[in-house]
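Please read it alongside the sequence and the coordinates.

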Amino acid sequence: MQASYWDYLKLDRLLSLQDGLEGDGDVVLADEMHFIVVHQVYELWFKLVLRCLRDARDALAAPRVSEETVPAVVHQLRRVNTILRSGVQHWDVVETLTPQDFLAFRDKLSPASGFQSFQMREFEILMGMDEADRIQYGKVAPLDHLLDPAHAGTEAGRMVGRRITAARAERSLLAALNDWLYRAPIQGSTPNDPADRRVVARWVDEYLERHEGHLAEGFERLAAALPGVDSRARFADVRQAARAFLEGTGIPDADRPRVVRVRAAALFIESYRALPLLAWPRLLVDLVVEMEELVVLWRNRHARMVERVIGRRVGTGGSGGVDYLDKTASYRIFRDLWAVRTVLLPRDRLPALENPTFYGFSAD
Ligand code: HEM
């Protein structure tokens with residue numbers, strides 16, 4: 001049998017899925033159909049995002065990531081980010097729903113809510129969100145809402161529970177990224193080299209020394225220009241935070257050497273990003289940061305849309321609505337990559353690069 005466009009895309013099924021709770025497309029208001037379609041479009045994009053993220057994670061999680069693998073990871077993440085960027089724009093379409101248009105059918109949705117978007121939760125889990133960071137509302141932890149035995153009465157409800165449980169058992173992108181960063185060469189040295197710890201510690205010490213010099217100059221300049229602003233304590237905090245970050249203060253002894261090396265590698269890649277050997281790694285790191293930025297923009301844009309459409313009402317899922325959504329915009333998963341930006345030095349202040357030929361630069 002020849003393939004047809006409609007069979008290949010299963011359009012008969014796809015286009016019969018906008019019938020609402022009534023199961024009859026003819027009685028669904030045009031505004032409600034809009035509401036259903038925009039949600040379904042987002043969920044379809046989430047489906048693809050999850051697929052790309054898993055592929056990226058699998059490639060990065062391999063015990064040895066070859067030079068050819070990093071471009072493949074970059075390719076997947078670039079697609080994720082392009083989808084997310086267009087998802088941020090997509091809120092414009094959602095906003096064509098006026099507040100009263102929405103009120104015409106909103107009550108029947110309760111207690112259903114985007115809060116139950118299990119694909120969004122899978123996305124967060126797969127990126128590596130720490131469950132302890134989640135904003136709580138009500139007595140039940142956010143993920144437990146989805147694992148509630150009350151949902152087990154339907155096949156869809158059981159499927160949600162299975163998917164969340166399975167995602168939690170998977171390796172996250174954050175964990176795979178950290179494994180990869182851990183093995184990254186720093187000053188030409190890798191963890192297998194017997195002198196690695198010494199090489200990394202020397203680079204970190206020199207970096208911190210230069211960073212402190214740079215901060216001291218910044219403070220003097222500001223104090224002279226703005227004598228009325230006492231920024232001494234602020235600079236002291238930044239100085240202390242930089243040291244704590246790069247020396248792994250507060251990290252349990254058993255984990256500290258690994259965490260210190262991961263953070264140093266992230267800073268090394270960002271600092272010497274012009275080196276030919278670091279061209280693909282820095283692209284990968286840039287895309288991860290961009291991905292998280294786009295998720296935050298998505299959350300912000302969703303919250304602004306919600307504020308415009310329902311004001312400060314309680315959400316259909318029972319949260320504080322906009323207040324709750326604004327809090328979720330503070331989530332950060334790839335914290336080390338963000339922290340690197342705070343401690344980064346200008347190029348001419350960096351410690352001298354050892355082994356330039358290793359990184360693809362000629363020695364002269
Ligand atoms: C008129 C349109 C919309 C309104 C008024 C709205 C409102 C809300 C509110 C108030 C919440 C907080 C939870 C609650 O109490 O219900 C929420 C959560 C959420 N909504 Fe929407 N929403 C809308 C459209 C969408 C669309 C199109 C999507 C796309 C999938 C979406 C995805 C989500 C997600 C993923 C959450 C959970 C956020 C989190 O907990 O991190 N929403 N929404």
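The model is predicted; local features require a pLDDT of at least 70 and side-chain atom pairs a pLDDT of 80 or more, while totals for chains, interfaces and linings use all residues. Residues are numbered from 1 along each chain as its sequence is written.

**Overall architecture**

The secondary structure consists of 15 helices and 0 strands. Here helices (H or I, at least four residues) and strands (E, at least two) are DSSP runs, numbered from the N terminus. Along the principal axes, the C-alpha atoms of the chain fill a box of roughly 75 × 65 × 35 Å. Of the 364 residues in the chain, 22% are buried. A residue is termed buried if 20 or more other C-beta atoms lie within 10 Å of its own, exposed if 12 or fewer, and partly exposed in between, with C-beta atoms placed from the backbone. Among contacts between residues at least 6 apart in sequence, 71% join residues at least 24 apart; two residues are in contact if their C-beta atoms, placed from the backbone, lie within 7 Å.

**Ligand shell**

Around the ligand there are 24 residues, of which S113, G114, G315, G317 and S319 come nearest. A residue belongs to this shell if its C-beta atom, placed from the backbone, lies within 6 Å of the molecule. Helix 3 (30-61), helix 13 (279-310) and helix 14 (322-328) each supply at least two shell residues, and helix 13 gives the largest share, 4 residues. By class, the shell has 12 nonpolar, 12 polar and no charged residues. In this scheme Ala, Val, Leu, Ile, Met, Phe, Trp, Tyr, Cys and Pro count as nonpolar, Asp, Glu, Lys and Arg as charged, and the others, Gly among them, as polar.

**V306 in helix 13**

Helix 13 also contains V306. This residue counts as buried because 22 other C-beta atoms lie within 10 Å. Leaving aside residues up to four places away in sequence, V306 touches G321, V322 and L325. The C-alpha atoms of V306 and E95 are separated by 8.7 Å, although the two residues are 211 apart along the chain.

**Helices 9 and 12**

The axes of helix 9 (residues 173-182) and helix 12 (residues 256-271) come within 8 Å and cross at roughly 80 degrees. Helix 9 is therefore roughly perpendicular to helix 12, a term that covers angles of 65 to 115 degrees. Axes are lines fitted to C-alpha atoms, for helices over the stretch in contact, and angles run from 0 to 180 degrees between N-to-C directions. N178, L181 and Y182 of helix 9 meet R258, R261, V262, A265 and A266 of helix 12. This contact has 5 nonpolar, 1 polar and 2 charged residues.

**Backbone exceptions**

Most residues other than glycine have a negative phi, and most peptide bonds are trans.

A cis peptide bond, with omega of about 5 degrees, joins S110 and P111. P111 lies in the loop between helix 5 (99-103) and helix 6 (118-127).

Technical notes: Angles under 35 degrees count as roughly parallel, over 145 as roughly antiparallel, 65 to 115 as roughly perpendicular and the rest as oblique.
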